[in-house]
Amino acid sequence: MSTREAEPGGRSEAATSERAFVIVTGMSGAGRSTAAKALEDLGWFVIDNLPPGLLFAMAEEAGKVKLAADKVAAVVDVRSLAFTTDLNAAIEELEGRGVGVRVVFLEASDEELVRRFENVRRPHPLQGEGRLVDGITRERGILREVRANADLVIDTSSHNVHDLRNKIVAYFGGEDRPGLRLNVVSFGFKYGLPVDADLVVDCRFLPNPHWVPELRPMNGLDPSVRDYVLGQPGAKEFLDAYEEVLQVVAAGYAREGKSYATLAVGCTGGKHRSVAMAEQVAARLRDRGMEVQVSHRDVGRE
């Protein structure tokens, strides 16, 4: 998702109702508290560590005090043994009463989660008498279904608290703005796919500027690299065709109530081709009136 809203078994109809709020969940150590604080700074009413069974009661209370429907959020975690069942039941009850729900799932790699827990010298809430990695593995199993059906998945593996806050602000700082918000991220295949990608573009069909000595130290933000990449046979034709494809996809996402999506644009190292092409895709979509943000995950790794 990755960034997902109204996916299979989804909640597109409810998600567009006038009454709606956000559930923030995900892996322990992935940044739930940071996300909650960012929402609070945006003026949201946020309750932390709320058991899934109390979600409907929270929604009712929010309605009584006339809180803005799109400014209410709850942070829930897996400390309940029946977490998945309880959360699914709570969402069904909310939507049965006309309250749209959007689930935000925070993710991070096992290695990064281990590092974070070791830095704060705290045990994982599910590790029991086992190792830290045992708790992480158990939590992933419990959350698998929740992650698969989440409306928005944010991978915080390479984010600090400021990066995560900026991402939350980008997604939720303008909830009154209609249409799909697209995050375009360039990456290197040799470093792995972005786990939160909805769509993936492979630019390795273009010649690699890495093999041009004068271009090797540069990246796709440099005009010389950009011009080299865009001047290759097939580059413009690909951009023209994919621009049209994205219009069809965006329209379909809108019909399904999907508000956020992540497009990952990859090449071998994530330094030249993917960066230049990601910038071009973003520019073309902005010209069509779409809200787009761009980031380059691996541009500094080579």
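Modeller: Arg204 is partly exposed, with a relative accessible area of 41%. Here buried means under 20% relative accessible area, exposed means over 50%, and partly exposed lies in between, using a 1.4 Å probe and protein chains only. This is a predicted model, in which local features need pLDDT of at least 70 and side-chain atom pairs count only at pLDDT 80 or more, while totals for chains, interfaces and linings use all residues. Residues are numbered from 1 along each chain as its sequence is written, and side-chain values use heavy atoms, with hydrogens and water left out.

Arg204 forms a salt bridge with Asp202, the closest N and O atoms being 2.9 Å apart. A salt bridge is a side-chain nitrogen of Lys or Arg within 4 Å of a carboxyl oxygen of Asp or Glu. Asp202 counts as partly exposed too, at 33% relative accessibility.

From there the sheet comes next. Its four strands have the order β7-β8-β6-β9, the sheet is open, and the pairing is parallel. Helices (H or I, at least four residues) and strands (E, at least two) are DSSP runs, numbered from the N terminus. Two strands pair if DSSP finds at least two bridges between them. β7 (199-202) and β9 (291-296) stand at the edges with a single partner strand each, so one side of each is left without a neighbour in the sheet. From one strand to the next the twist averages 20°; axes are lines fitted to C-alpha atoms, for helices over the stretch in contact, and angles run from 0 to 180 degrees between N-to-C directions.

β7 pairs with strand β8 (residues 260-267) in the parallel sense, over four bridges. Within this pair, Val200 stands opposite Ala264 in β8. Helix α9 (residues 235-255) packs on the sheet and touches β7 and β8, and its direction makes about 175° with that of β7. Helix α10 (residues 273-287) also packs on the sheet, touching β6 (181-188), β8 and β9, with its direction at about 170° to that of β9. Contact means heavy atoms within 4.5 Å.

Lys236 forms one with Asp240, the closest N and O atoms being 2.8 Å apart. The two residues are four apart in helix α9, which means they are separated by about one helical turn. An α-helix has 3.6 residues a turn, so residues three or four places apart point the same way. Asp240 is partly exposed, with a relative accessible area of 29%. The pair belongs to a network of salt bridges that links Lys236, Asp240, Glu243, Glu244, Arg284 and Arg288. Asp227 is partly exposed at 46% relative accessibility, and Arg226 is partly exposed with a relative accessible area of 31%. The structure holds 18 salt bridges.

For contrast, consider a charged residue without such a partner. Glu139, in helix α6 (residues 132-148), is buried yet has no salt bridge, and the nearest side chain of opposite charge, Arg32, is 4.2 Å away. In this count Lys and Arg are positive and Asp and Glu negative, while His and the chain ends are not counted. Leaving aside neighbours within four places in sequence, Glu139 is in contact with Gly26, Met27, Ser28, Arg32, Val78, His124 and Leu126.

pLDDT is the predictor's confidence in each residue, from 0 to 100. The chain has a mean pLDDT of 83, and 87% of its residues reach 70 or more. Confidence is highest in helix α8 (residues 223-230), at a mean of 97, and lowest in helix α1 (residues 12-15), at 39. Over residues 1-19 pLDDT stays under 50, and for this stretch the model has 70 contacts beyond four places in sequence. Where pLDDT is low, the predicted coordinates should not be read in detail.
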